[in-house]
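This report goes through one protein chain part by part. Please keep the sequence and the 3D view at hand while reading.

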Amino acid sequence: DYRAHNYFARNKKAYDAASLPAVYIGYIAPLALGGVMYSIGLFGEDPESLGAGSAILQASLIALCYSSVLKAFTGRPNPDSGVYTRRTDESGEFRWGFMRGGIHCGWPSGHMAASTAVISSMVFFYDESVLIKVIGGIAWLYMALGVLSHEGNTMHWLSDVAAGSLMGFAIGSTVGRSFRSR
């Protein structure tokens, strides 16, 4: 955690302009993409788009709720803005209890849980589309880099991003597969 943090803290200027859109995309894209696809399916009478939009909305809602509950009970603080001069145990600090660290920053990354849930629900819903897999992989890499590098890595530790991604993948792949089979 601290090595990744120090890299992005030292190279803040190189990444900040590119990371800001990722933060906002993480807030907006799950609802926007899911809502648009759901609307196209509903009003255009397209059952496949309706299913994909439903999968996206459900996966992102589950991921958001799950990560928020975990954050509320783990209370892990986000990284400081400075460079650590020695190996630190701060990344291992958790303030167990209820609402000891809020639900915005912390473990796991809600941005990555929701983004990965959306991407994996699409990949598993459209399981034969190579284009969606490629675009999804690129989008996931951009989101992970954006969340890690935002403001010199002051949003999430690397392990927050990894945990959020794994949880989002489990949620999204299950939801996407389930909606596809219907």
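Which residues does Val 175 touch, not counting residues up to four places away in sequence? They are Ala 55, Gln 58, Ala 59 and Ile 62. The model discussed here is a predicted one.

Val 175 is found in helix α6. Its relative accessibility is 6%, and because buried means under 20%, Val 175 counts as buried.

One of the residues that Val 175 touches is Gln 58. Along the chain, Val 175 and Gln 58 are 117 residues apart, yet 7.4 Å separates their C-alpha atoms.

## Helices α5 and α6

Helix α5 covers residues 130-149 and helix α6 covers residues 158-181. Their axes come within 10 Å and cross at roughly 145 degrees. The crossing of α5 past α6 is right-handed. On the α5 side, the contact is made by Trp 140, Ala 144, Val 147 and Leu 148. On the α6 side, Leu 158, Val 161 and Ser 165 take part.

## Helix α1

Helix α1 spans residues 2-10. Which residues of α1 are buried? They are Tyr 2, Ala 4, His 5, Asn 6, Phe 8 and Ala 9. These buried residues pack against three other helices, namely α2 (12-43), α5 and α6.

Side chains of opposite charge can pair when their charged atoms come close. In this model the count of salt bridges comes to five.

Arg 76 forms a salt bridge with Asp 1, and the closest N and O atoms of this pair are 3.1 Å apart. Arg 76 is in the loop between α3 and α4, while Asp 1 is in the segment before α1. The two residues are 75 residues apart, and the pair links distant parts of the chain. Arg 76 has a relative accessibility of 5%, so it counts as buried. Asp 1, at 26%, counts as partly exposed.

Arg 76 also meets Asp 160 in a salt bridge, with an N to O distance of 2.5 Å. Asp 160 lies in helix α6 and Arg 76 in the loop between α3 and α4, so this pair ties together parts that are 84 residues apart in sequence. Both Arg 76 and Asp 160 are buried.

Which residue meets the side chain of Glu 48 in a salt bridge? The partner is Arg 180, at 3.1 Å from N to O. Glu 48 is in helix α3 and Arg 180 is in helix α6, and the two are 132 residues apart. This pair, too, links distant parts of the chain.

How much of each residue is accessible? Glu 48 has a relative accessibility of 38% and counts as partly exposed. Arg 180 is partly exposed as well, with a relative accessible area of 35%.

Val 69, Phe 73, Phe 98, Met 99 and Ile 103 make a nonpolar surface patch of about 500 Å². One of these residues, Phe 98, lies in the loop between α3 (47-74) and α4 (110-125).

Is Phe 98 buried or exposed? Its relative accessible area is 56%, and because exposed means over 50%, Phe 98 counts as exposed.

Key:
Residues are numbered from 1 along each chain as its sequence is written. This is a predicted model: local features need pLDDT of at least 70, side-chain atom pairs count only at pLDDT 80 or more; totals for chains, interfaces and linings use all residues. Side-chain values use heavy atoms; hydrogens and water are left out. Patches are made of residues with over 30% relative accessible area and no salt bridge: like charges are joined within 9 Å, nonpolar side chains (Val, Leu, Ile, Met, Phe, Trp, Tyr) within 5 Å. Accessible areas come from the Shrake-Rupley method with a 1.4 Å probe; for residues, only the protein chains shown count as cover. A salt bridge is a side-chain nitrogen of Lys or Arg within 4 Å of a carboxyl oxygen of Asp or Glu. Helices (H or I, at least four residues) and strands (E, at least two) are DSSP runs, numbered from the N terminus. Buried means under 20% relative accessible area, exposed over 50%, partly exposed in between (1.4 Å probe, protein chains only). Axes are lines fitted to C-alpha atoms, for helices over the stretch in contact, and angles run from 0 to 180 degrees between N-to-C directions. A crossing is left-handed if the near helix is turned anticlockwise from the far one by less than a right angle, and right-handed if clockwise. Contact means heavy atoms within 4.5 Å.
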